[in-house]
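Here is a short report on one protein chain. Look over the sequence and the structure before reading on.

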Amino acid sequence: MSVLAWIFAASFAGGALSVLAAAAFALTARSAWITHLISYAIGALLGAAFLEVLPHAIEAQGEPDTTTAIVLAGILPPGRSPACSRASRSSSTSTRRWRST
């Protein structure tokens, strides 16, 4: 058998096995798991898309250091500045007041 035939056979077998496993899992999955699985799938797709676009952004920017700093600034949470602390405290106290009434 040629190499191309082995590639087609392995691809078909892998695809068929994946479909069978997904069908078996779908029939036995609990309804409480569905929202978590959908969230995981969406996160995986967004992560894959982000990793696909990242090299193009670095190439377009020209400087990897600048692009990396911009990406990290967008991902990492903001610092614990006094303004952020005041805003979170005021929203939590107003929420507590609203719930207690």
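## An exposed leucine and its helix

L46 is exposed, at a relative accessible area of 59%. Exposed means over 50%, buried under 20%, and partly exposed in between, with a 1.4 Å probe and protein chains only. The model is predicted: local features need pLDDT of at least 70, side-chain atom pairs count only at pLDDT 80 or more, and totals for chains, interfaces and linings use all residues. Residues are numbered from 1 along each chain as its sequence is written, and side-chain values use heavy atoms, without hydrogens and water.

L46 sits in helix 2. Helices are DSSP runs of H or I with at least four residues, strands runs of E with at least two, numbered from the N terminus. The chain has 4 helices and 0 strands. Their order from the N terminus is α-α-α-α.

L46 also belongs to a nonpolar surface patch with F25, W33, I34, L37, I38 and I42. Helix 2 gives the most to this patch.

| Item | Value |
|---|---|
| Nonpolar patch, accessible area together | about 640 Å² |

Like charges are joined within 9 Å, nonpolar side chains (Val, Leu, Ile, Met, Phe, Trp, Tyr) within 5 Å. Of the chain's 101 residues, 2% count as buried.

Note on methods: Patch = residues over 30% accessible without salt bridge, like charges linked within 9 Å, V, L, I, M, F, W, Y side chains within 5 Å. Areas by Shrake-Rupley, 256 points an atom, 1.4 Å probe, with all protein chains shown as cover. Salt bridge = Lys/Arg side-chain N within 4 Å of Asp/Glu carboxyl O.
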